[in-house]
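Here is a quick tour for anyone meeting this structure for the first time. Have a look at the picture, then read on.

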Amino acid sequence: MFDEYPEVLSVKNTAKALGVSRKIVYLLVRDGEIGYKRVRSQILIPKICLEAFMGTAITAIHSGGISDASERS
């Protein structure tokens with residue numbers, strides 16, 4: 001899914017991979033939704049944590065926990 005990304009991503013690269021803003025990534029980190037490691041002042045997100053986060057999102061969609069925008073019409 002994220003083959004073109006390195007094994008460890010910055011907040012900026014994580015935001016790009018997810019198609020969201022850096023602010024959203026910081027919120028995901030703060031809320032414990034995505035795994036990370038802080039190295040000095042930098043937040044690093046292992047690709048495996050990004051894949052796990054997406055796996056839980058996909059599971060929630062398929063189990064009916066989250067509705068797709070197309071389902072609201």
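One term first: a residue counts as buried when its relative accessible area is under 20%, and as exposed when that figure is over 50%, with partly exposed in between. Keep in mind, too, that this is a predicted model.

Where does Lys-47 sit? Its place is in helix H3, which covers residues 47-62. And which residues does Lys-47 touch, leaving aside those up to four places away in sequence? They are Phe-2, Asp-3, Tyr-5, Pro-6, Glu-7, Val-8 and Leu-9.

Now step back to the whole protein chain. It holds three helices and three strands, and going from the N terminus the elements run β-α-α-β-β-α. Of its 73 residues, 23% are buried. As for contacts with a separation of 6 or more, 46% of them involve residues 24 or more positions apart.

Here are the elements whose residue ranges come up in this report:

| Element | Residues |
|---|---|
| Helix H2 | 22-30 |
| Helix H3 | 47-62 |
| Strands S1 and S2 | 8-9 and 37-39 |
| Strand S3 | 42-46 |

Next up, the sheet. Strands of a sheet pair through backbone hydrogen bonds, either parallel or antiparallel. What is the strand order here? The three strands form an open sheet ordered S1-S3-S2, and the pairing is antiparallel. Strands S1 and S2 stand at the edges with a single partner strand each, so one side of each has no neighbour in the sheet. S2 and S3 run antiparallel and are joined by three bridges. Look for Arg-38, too: it stands opposite Ile-43 in S3.

Finally, a stop at the surface. Which residues form a nonpolar patch there? Val-20, Ile-24 and Leu-27 do, and together they have about 190 Å² of accessible area. Leu-27 is found in helix H2.

Conventions. Residues numbered from 1 in each chain as written. Predicted model: local features only at pLDDT ≥ 70, side-chain atom pairs only at ≥ 80, totals over all residues. Heavy atoms only, no water. Helix = DSSP H or I, 4+ residues; strand = E, 2+ residues; numbered from the N terminus. Contact = heavy atoms within 4.5 Å. Patch = residues over 30% accessible without salt bridge, like charges linked within 9 Å, V, L, I, M, F, W, Y side chains within 5 Å. Areas by Shrake-Rupley, 256 points an atom, 1.4 Å probe, with all protein chains shown as cover. Salt bridge = Lys/Arg side-chain N within 4 Å of Asp/Glu carboxyl O. Pairing = 2+ DSSP bridges. Buried < 20%, exposed > 50% of the residue type's maximum accessible area, 1.4 Å probe, protein only.
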